[in-house]
Amino acid sequence: MAVPTLCIADGICPNDFFYRNSIRRLASVAHYRFTNPKFGIDGRLRKGGKVTATVNPYTYTEAAQPEERKSLTDFFVEARDFFRSDGGDGGPPRWFSPLECGARASESPLLLYLPGIDGTGLGLIRQHKKLGEIFDIWCLHFPVTDRTPARDLVKLIERTVRSEYFRLPNRPIYIVGESIGASLALDVAASNPDIDLVLILANPVTRFNNFMLQPLSGLLEILPDRVPRFLEENFRFEQGYPFAAMFETMLNETDAAQMGGGLLGDIFATSVNLPTLARIFPKDTLLWKLQLLKSASASAMSHMHRVKAQTLILLSGRDQWLLNKEDIERLHCTLPNCEVRKFENYGQLLFLEDGVDLVTIIKCTYYYRRGKSLDYVSDFILPTPFELKEYEESQRLLTAITSPVFLSTLDNGTVVRSLAGIPSEGPVLYVGNHMLLGTELRPAAIHFLKERNILLRGLAHPVMFAKKFGSKLPDMHMFDSVRMIGAVPVSNINFYKLLRSKAHVVLYPGGVREALHRKGEVYKLFWPEHSEFVRTASKFGTKIIPFGVVGEDDLCEVVFDYNDQMKIPFLKNLIKELTQDSTYLRNGEEGEVGNQALHMPGIIPKIPGRFYIYFGRPIETEGREKELNDKEKAHEVYLQVKSEVERCMNYLKIKREGDPYRNILARSLYHLSHGLSSQVPTFDLRNQ
């Protein structure tokens, strides 16, 4: 029999830290395999404390396979083990920690999982391995015969939360809850506004639908108690028994398997799962869970206004027979720090679905932190090879259409078609021009990771990281991939921290004004008159690499720009509203450089050409801190960087005229002749 989990404390004595921690150490040795590469804070792959230049996990196709995860079958197998361990006497609710979560980092925050209506505590079973690498995970288990009321469950969770907060007051405590668990989590947060909590609520039920509760309860009342046991004992719903196969065939030939849709259909259409479901939900237990859900949701609804915790709400798009969408909107509006994410193609049991990765969700939303406030540098978790592969897939159309050419400059001044001229060790600051909508950074981020195992940390507009409730700014999920790949909000403190950590940082002095330029402004720089980035870079001996990008005019043309839109009253008011809702970055700047208005230019596509990105020779600042602390000297370097960016752009605009594969038709013919994975040639680099 498998031993998948280990109880570490119960509802009576949740504070036996010595016992719990010693057990966890044993678990980590016996049941964890180190499979993920370790990275330094600068994004470089490290082994034994040294930078490893010869191993790049992002280049291995086998490393880009989905992370190994347990299946729905494992859920039922381990649920049966829980029934055996309960021994029939139930007992109080208790915390357990999955053995596969044993190798967390020592500074990991605590994550408490509060189960849904099943009560097993195994709802995160498909997420355990990845979650265990960044969290200390405790799951709450409700024995089938347990009848602890909602108010006592809240007190039990509160005791654990308070004791752990007292032990580690500088770390947040995460509470992940589903249905009943989500309501309990809201109640705990409302009663403990002084404790640093982060709530992740999957399909929270804040007001139970009595219209559905009454007929369902009535149906359960008239069912005989012995029906599930009778079916199991007489028809043997076990793998390999003839009746099990016959029953499964019958379900598959009817619409019964599709009644729940998706995962629910998979559960009920597999006959071998029915005995376990019968044990999880005997009639009296299911009746009790429905009443528990009703009381817990009512209590959470009444205390909602006292919740101060940072909250992430995850909503499924299908099988939402318990969810009240109006209450979700009210919850979103009431909670001071709340974000809602929707998963349209997934069902009620969100964390058991294929394709739902809670760690990836947390990373995309920047909800992971180890201290009282989020540090975009030290709290960042690098993308896994599989996450990079998915990101690359999302950018495949753009990459195929533009076929980017990457050029860099060696120490001797030679221009090469690769990133060989890029320094391996940071800090490095890349300063360049924005093309329309900032499309150039996405393929560059992929290329840097795959060729050089270097993570680019782009300084991005804060609009990609925060949105006020009711604002007409784009939904945050539009920028998930940008945040996943390492973007941070542009600010002096984030810039300073990134350089201090020896990161590879991308800076666009032109900002939004350059990315949302007007008609006739292609490749025109809108840089501030003065910039402090040179002086800050010199404090850490940063190498400054100017770069130029061209190709936007080969892809589309702006036909309805900011000036056109400001002539239309409706659009003029919308632009002002969007700009006011966002963080204003160019205080003190006058003229066009200070005009950072947010809008969407109207564009028409062209027959696609090609993107070209050229990184010039690095400008050294090491040993020049005292010299560059002088504003005039720093300004001279600033003008030098700007001049180099313009030179790189002019070089590309001239050289691309000699590229026989600038047009997408020529590139398509080349791929047909040499294979889709072949690198398409470009202009001759010998005549520089």
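Buried means a relative accessible area under 20%, exposed means over 50%, and partly exposed is in between, using a 1.4 Å probe and protein chains only.

## About the model

This is a predicted model, where local features need pLDDT of at least 70, side-chain atom pairs count only at pLDDT 80 or more, and totals for chains, interfaces and linings use all residues. Residues are numbered from 1 along each chain as its sequence is written, and side-chain values use heavy atoms, leaving out hydrogens and water.

Helices (H or I, at least four residues) and strands (E, at least two) are DSSP runs, numbered from the N terminus.

Most residues other than glycine have a negative phi, and most peptide bonds are trans. Here are some spots to look at.

Going from Gly426 to Pro427, the peptide bond is cis, with omega near 5°. Pro427 sits in the loop between β13 (415-416) and β14 (428-432). Leu437, in the loop between β14 and α16 (441-452), has a positive phi near 65° and is partly exposed at 40% relative accessible area. Tyr523 isn't a glycine either, yet its phi is positive, about 65°. You'll find Tyr523 in the loop between α19 (511-515) and α20 (533-538), and at 13% relative accessibility it counts as buried.

## Two helices packing

Helix α14 (residues 385-394) packs with α16 at an angle of about 145°, their axes 10 Å apart. Axes are lines fitted to C-alpha atoms, for helices over the stretch in contact, and angles run from 0 to 180 degrees between N-to-C directions.

Contact (heavy atoms within 4.5 Å) is made by Leu388, Tyr391 and Glu392 of α14 and Arg442, Ile446, Leu449 and Lys450 of α16.
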